[in-house]
Amino acid sequence: MPNAIAIENLTHAYKPGVPVLRGVNLHIQPGEIVGLIGLSGAGKSTLLRCVNGLVQQTGGSCTVLGQAVESLPEGSKRLLRRRIGMIFQEFNLMERLTVRKNVLIGRLGYTATIPSCLHRFSAADVRLADDCLAQVGLAGLEMRRVRDLSGGQKQRVAIARTMAQGAEIVLADEATANLDVLTKDDIMELLQNLSREKKVTLLLSMHDLPLAKRYCTRIIGLKSGRITFDAAPDALDDEAIADVLDRASVPGAG
Amino acid sequence: MLNRILSFLFGAALLVFVVWCFLAIGTQVHLTKYGLHHGGDYFAKLFPRSQADWRYALKLGPDLWQPLIETVQMAVVGTVAGMLLAFPVSFIAARTGSVPGPVIAVVKTFLNMARAVPTLIYALLVIPLAGLGAQTGAIAIGIATFISLAKLYAEALESVSVGPIEAVRSAGGNAPQVFVYAMLPQVFPLYLSTTLYSLEYNLRDSFVVGIVGAGGLGQKLSNAVNLFEWLDAGVIIALVIVLVNIVDYFSYRVRKVFS
């Protein structure tokens, strides 16, 4: 089976001479749930953003769903991004817009510029958005403003947005960091179901190691921009954790 | 230690400067005494003191209706024209990463320098070009509004958080979609409140520029004072106070709805 994500010798530096990623090699199969762990500044967020081309890496290659992200022109990059959903620690929803409108943002890549800028979406897209909301347990809240929702509900809206996108890969940047213990589990279960039922590949940067061990099928440890651990969750013992989270190695960028 | 000495010297210099200002103005105290003596009389004349005065004041109403509308029109036209010009310019004055730094620096420097010029001065500069009347007032207000709103809109754009922009881009959104879905919802309340504040100020300004001949109630007030028609002046000032407060109230309500 071809890789969902194939990263070869990926390097990136926001400032010359201060590398954040230093030669990352990573191959992820479709349907895998990969937890990305490491200290703040280890390069987790940058790695995720190289996958969907929000950050253009300084070296190496990143092939996603069979396309080399770095060599795509912006228009093709946008077409590829439709197939890669992303959810965030701060939710990054449009607080003043309704829940449904936020999910419809997942359809922007499929809608012509002028109608979408006038907030006009097809009836099929609206039905799809409502259906996605029902699947994440938010039926009935379509017309609520996002700012009136709880943190857990907001993250569900973000997940519904990636579903409306028809995403084959979902990148999650600390998506459970701002949630309480029970809600973290709810969100991880939702993502796990998404992966199982729709074969969505998940790449999740996480700080919560027990949560990562419970839900991920594979754990990647990133230290100072390099992968130092790559194994099944069972192999993540105290020694491995101590090595990945070795503070002496923090480069202070990320 | 050096910092402390510098702070002390700066504080002392500031104190000397303030005392110097007071002393300079204080030497003109005879003017204040004169003013208190005669000014009281003038002030009293602004108000109706008899039934005949009240009847006269009420009769003034229809004559002032047209200038009052003109004052509002100047403020509205100036605000809307300034807003429409400021909107596109704010994009080349904002540090959002899409415009080269030197361009931003030039536009910002121009806006900062032009902002130092009060609306009244623009009115005086426009009079030779457009003549006396409401058009001049509207142009002057439009220029001042454009300059202040361009800067404020640019600051609003700079304060936009990048999270929602990343979210829309990561969903495959293009630049116009990023603007409409990620930026506009963030800047709209700021745009609206700064524009409404600007309308409130412009209403006062349209009164003031009228005094130098740009039409409206300001011009009527100027005429009344020059002809010593104190009661007329009083009625005009009362109208302005009522008008400004009505607009302030509605502006406040609208801002509250969208905050």
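**Exercise 1. Which helix gives the most to the lining of the largest pocket?**

Let's work through it; keep in mind that this is a predicted model.

- Step 1: start with the space itself. The largest pocket has a volume of about 480 Å³.
- Step 2: look at what surrounds the space. There are 22 lining residues, and B:T96, B:S98, B:I165, B:V178 and B:M183 are the ones that lie nearest the centre of the largest pocket.
- Step 3: find the elements that each supply at least two lining residues. Chain A brings α2 (74-81), while chain B brings α6 (134-158), α7 (162-170) and α8 (175-214).
- Step 4: pick the top contributor. That's α8(B), with 5 residues.

**Exercise 2. Sort the lining of the largest pocket into nonpolar, polar and charged residues.**

**Exercise 3. Describe the second largest pocket, then say where the largest share of its lining comes from.**

- Step 1: its volume is about 290 Å³.
- Step 2: 19 residues line the second largest pocket, and B:A144, B:S148, B:Y201, B:N202 and B:D205 lie nearest its centre.
- Step 3: in chain B, α4 (101-115), α5 (119-130), α6 and α8 are the elements giving two or more residues to this lining.
- Step 4: α6(B) provides the largest share, 7 residues.
- Step 5: by class, the lining splits into 11 nonpolar, 6 polar and 2 charged residues.

**Exercise 4. How many cavities of 30 Å³ or more are there, and what lines the largest?**

A handy idea first: rolling a probe the size of a water molecule over the atoms shows where empty space is left.

- Step 1: count the cavities that make the cut-off of 30 Å³ or more. You get 2.
- Step 2: take the largest cavity, with a volume of about 60 Å³.
- Step 3: check its lining, which includes A:A172, A:E174, A:M188 and A:L204.
- Step 4: In chain A, α7 (181-198) and β8 (201-206) give two or more residues, and β8(A) gives the most, with 3.
- Step 5: sort by class, and you find 6 nonpolar, 2 polar and 1 charged.

**Exercise 5. Which elements of chain A have the lowest and the highest mean pLDDT?**

Now go element by element. Helix α9 (residues 238-244) of chain A has the lowest mean, 86, and helix α3 (residues 99-104) of chain A has the highest, 96.

Terms used: Residues numbered from 1 in each chain as written. Chains lettered and ligands numbered in written order. Predicted model: local features only at pLDDT ≥ 70, side-chain atom pairs only at ≥ 80, totals over all residues. Heavy atoms only, no water. 1 Å grid on protein atoms, 1.4 Å probe; cavity = no way out; pocket = protein on both sides within 12 Å on 5 of 7 lines; lining within 4 Å. Points joined across faces, edges and corners; volume = space filled by probe spheres on them. Helix = DSSP H or I, 4+ residues; strand = E, 2+ residues; numbered from the N terminus. Nonpolar A, V, L, I, M, F, W, Y, C, P; charged D, E, K, R; others polar. pLDDT = per-residue confidence, 0-100.
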